[in-house]
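Here is a friendly tour of one protein chain, taken a few spots at a time. Please keep the viewer open beside the text.

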Amino acid sequence: MEGGKLSDPPSDTSSTLKNHKRTHECSECGKPFARRSLLLSHRKVHVGSGSSQGLEGKKFFSGKDMKDCRSSPRLKPYKCEKCDLRFGQKSSLLTHQKIHTAEKPYQCLECGKFFSKKGTLRNHERIHTGEKPYTCWECGKSFSRTGGLRVHEKVHAGIKSYKCFECGKCFTLSSTLRTHEKTHRGEKNEKCLECGKCFSEKSSLMQHQRRHTGERPYECPECEKRFMCSFELQRHQKRHKGEKPYQCGECGKCFVTQRELQFHERIHTGEKPYKCGECGKCFSLKQSLGRHQRLHTGEKPYKCVECGKCFAQHGNLWRHRKTHTGEKPYRCLECGKCFAQKGALWTHHKTHTGEKPYRCLECGKCFTQQGNLWKHHKTHTGEKPYQCFECGQFYSTTSHLRSHVKTHTGERNYKCLDCGRAFAHSYSLRNHSQIHTGEKSHKCSECNKCFSQKNTLVRHQRTHTGEKPYKCPKCGKCFARTSSLRKHVRSQTGESPYKCPKCKKTFHCKSQLKMHQKVHSRKKPLQL
């Protein structure tokens, strides 16, 4: 190959695939390409955008000359009467005219969708069949369309023809450039009708809307797990293949994506770049900050389409939906009990094994779940970041705050089918139901006394062991129950959070308030 000329591809059909792979080589830098069109695109890197003497002695044009050449009536004799667009072949004109007539004669037998072109139908059918006939010679990746392969090949060629005039950043696709330009203009035209959030791309809006509807159209053929986005499915499938190419240099742990590795590395560095403007708390992940901020705003953007109940987190909506379907796909092999969530099964399984891997460094207490350890740790630090907007009281966990808020709203959604009594919490209903069944499954190993609830058994066992794990930070006095510690602390601080709605008198504990309320409920004797 001399003087920028290309040798023709081997005509012998018996030539190997290896020889066919790299037929076209750049005379400037020697880089080989699988296709002539890629080489021509690549040469622009060396020659710039001006006209140059091309390959095999043919002249190549750019700018207005090229445009004029393409639009010449001599080269494109077939003209559309509707829009004046010209075509080189009559078949191309006939295909184009279907845009104006809205004619769609080709139907997909799988889903019933119609198309104006036969080729578009064939491309669409590959979504159902999963066929990917176009393979990249460089890396072996397969595509369902030639257009997808051509775009991908530009990644290997290093071609980024589309440049942003604002910041100079270059892109492989014109669509990616258009999307990028919206970041400079601050343009977000696509609005979610559910929560009012705006997006720059329609595809981003569609993905976001699935968080409201709970739709998960992408299913893993291996384990039948479903996902909202195709990239989430692709990332998940790498776990089945065991692909974890990204390794942490600190601890050696491997990850499926580079993004996951970056998030993990913040554990070692302690970096928390996302700060809450309300309370100053910092987070290592942006989505963690977003979830936290909903505690301040009270926003619950995820709505159940069945009952209308709203949730602050998508995971909570997803778990709630199973209460309507009654779906419990995860079964314990030990006792046969079924669970709606895989995590709940893992937690339950530890009750059989007795495994408690999470240990408190302060007092040595062990827990089956990391979340329970975090909650317990707050008893040592005294941290209570969650505040009730009604009365200003602080709580250490969101669940405790939610339970407390129900005392203001009077909400009691859990009703006993035996006696009709209603409860604010599901666990209160479960505990109450054991009164009707008479079930006492928790037995004390010391005195054989039986209890209906596990926490009642734990409190009882302290009478045998003498354990008093709850310590007053002021005077050091220890207590067997948290409720006793709370009463003691209020006696020191003078806090009286329980208020009588009749006479506005306040009390240290709930039992004192209940006793006081009997004074108002007594019937006064008639005065003669």
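## Cysteines

C475 is partly exposed, at 44% relative accessibility; here buried means under 20% relative accessible area, exposed over 50% and partly exposed in between, with a 1.4 Å probe and protein chains only. This is a predicted model, in which local features need pLDDT of at least 70 and side-chain atom pairs count only at pLDDT 80 or more, while totals for chains, interfaces and linings use all residues. Residues are numbered from 1 along each chain as its sequence is written, and side-chain values use heavy atoms, leaving out hydrogens and water.

How many disulfides are there? With a disulfide taken as a pair of cysteine sulfur atoms within 2.5 Å, the count is zero. C416 is in no disulfide, and its nearest cysteine sulfur, that of C419, lies 3.7 Å away. C475 is likewise in no disulfide, with the sulfur of C472 the nearest at 3.7 Å. C416 is buried, with a relative accessible area of 4%.

## Around H432

H432 sits in helix α16, residues 426–437. Helices (H or I, at least four residues) and strands (E, at least two) are DSSP runs numbered from the N terminus. Is H432 buried or exposed? H432 is buried, at 9% relative accessible area.

Leaving aside neighbours within four places in sequence, H432 is in contact (heavy atoms within 4.5 Å) with C416, C419, R421 and F423. The side chains of H432 and H436 are joined by a polar contact of 3.1 Å. Such a contact is a pair of N or O atoms within 3.5 Å; within protein, one must be able to donate a hydrogen and the other to accept it, and residues adjacent in sequence count only if both atoms are side-chain atoms.

## The second largest pocket

The second largest pocket has a volume of about 1,000 Å³. Of its 24 lining residues, K132, S142, S230, Q234 and Q237 are the closest to the centre. A pocket is an open set of points on a 1 Å grid over the protein atoms alone, where a 1.4 Å probe fits, with protein on both sides within 12 Å along at least five of seven lines; lining residues have an atom within 4 Å of a point. The volume is the space filled by probe spheres set on the points.

Which element gives the largest share of this lining? That is α9, with eight residues.

## The whole chain

The chain has 19 helices and 36 strands. Of its 528 residues, 22% count as buried.
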